[in-house]
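This report describes a protein chain for a reader who is new to structural analysis. Please consult the sequence and the structure shown below while reading.

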Amino acid sequence: MSKRVAILISGGGSNMVTLVNSMTGDHPARPVLVISNVPDAGGLAKAEALGVPTAVVDHKAFGKDREAFEAELDRVLAAADPDIVCLAGFMRILTPEFTRKWEGKTLNIHPSLLPKYKGLHTHERAIEAGDTEHGCSVHEVTAELDGGPILGQAMIAIRPDDTAESLAARLLEWEHKLYPEVLRRFALGDKTPIRLGV
Ligand code: GRF
């Protein structure tokens, strides 16, 4: 029986597209829903073009009531009955109450070599720190922001002429390699961390 995968996005959804495209043939999982917190996220049209059902839970509709937003997100998510939830370019910070409910089923991709550079602007911070290497991490989502067990990392070199934009673009190519590989293993119950890249 295939594992049911829901994917949460906020923007272009390039990681979502690679995850959806990876779940074919003898892959142990299949996408069942793509949810965006942004009504006009470009990823929604991409998901629909790939034949994956979509939903929108617009966080702005709930104002500052984070609990109400998450209650609706939880309702929509639960209705899809996912075995696995993939955060893929999902830009909302989830409360510990929400993450605890879905803990053990939820993955996220973060564009840094965790535990370095949790939070935002990771590419700029790595360049400004004079790092020679950068990367991305797929981790289990827990109550600690960008802090759950790491299931995979991909490492790339930072080039002297790199800007945050050029680094992000090169890293994204590795995100698209890493996340599907981690998801496939996770769907098989394999949590052995993997390492890709240089
Ligand atoms: C990616 O760099 C991802 O690591 C970060 O959001 C960026 C855009 O992701 N969380 P996507 O193209 O929307 O998947």
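A residue is called buried when its relative accessible area is under 20%, exposed when it is over 50%, and partly exposed in between (1.4 Å probe, protein chains only). By this rule lysine 116, with a relative accessible area of 41%, is partly exposed. The model is predicted: local features need pLDDT of at least 70 and side-chain atom pairs count only at pLDDT 80 or more, whereas totals for chains, interfaces and linings use all residues. Residues are numbered from 1 along each chain as its sequence is written, and side-chain values use heavy atoms, with hydrogens and water left out.

**Domains and their interface**

The chain is divided into domain 1 (1-102) and domain 2 (111-136 + 154-198), with bounds that come from an automatic or database domain assignment. Taken over C-alpha atoms, the centres of domain 1 and domain 2 are 22 Å apart. Contact, meaning heavy atoms within 4.5 Å, links 16 residues of domain 1 with 11 residues of domain 2.

The size of an interface is often given as the accessible area lost when the parts come together. Here the buried area (the accessible area, 1.4 Å probe, that two parts lose on being put together, summed over both) is about 1,100 Å² between domain 1 and domain 2, and carbon and sulfur atoms give 75% of it. On the side of domain 1 that touches domain 2, the elements giving two or more residues are strand E1 (3-9), helix H1 (14-22) and strand E4 (84-87). Helices (H or I, at least four residues) and strands (E, at least two) are DSSP runs, numbered from the N terminus. H1 gives the most to this side, with 5 residues.

**Salt bridges**

A salt bridge is a side-chain nitrogen of Lys or Arg within 4 Å of a carboxyl oxygen of Asp or Glu. The structure holds 9 salt bridges, but the count between domain 1 and domain 2 is 0.

| Aspartate 131 | Lysine 116 | 3.0 Å |

Aspartate 131 counts as buried, at 17% relative accessibility. Aspartate 162 and arginine 170 are both buried. In the remaining pair, aspartate 190 is partly exposed at 28%, and arginine 185 is partly exposed at 26%. Salt bridges that share partners join Glu181, Arg184, Arg185 and Asp190 into one network.

**Backbone features and a buried asparagine**

The loop between E5 and helix H5 (122-128) contains proline 115, which a cis peptide bond joins to leucine 114, with omega about 10 degrees. Histidine 121 is placed in the loop between E5 and H5 and has a positive phi of about 50 degrees although it is not a glycine. Histidine 121 counts as exposed, at 55% relative accessibility.

Aspartate 146 also has a positive phi, near 55 degrees, in a residue other than glycine. Its place is the loop between strand E6 (133-140) and strand E7 (150-157), and at 10% relative accessibility aspartate 146 counts as buried.

Which residues does asparagine 108 touch, not counting residues up to four places away in sequence? They are Leu87, Ser137, Val138, His139, Val141, Asp146 and Tyr179. Asparagine 108 belongs to strand E5 (residues 106-110) and, at 9% relative accessibility, counts as buried.
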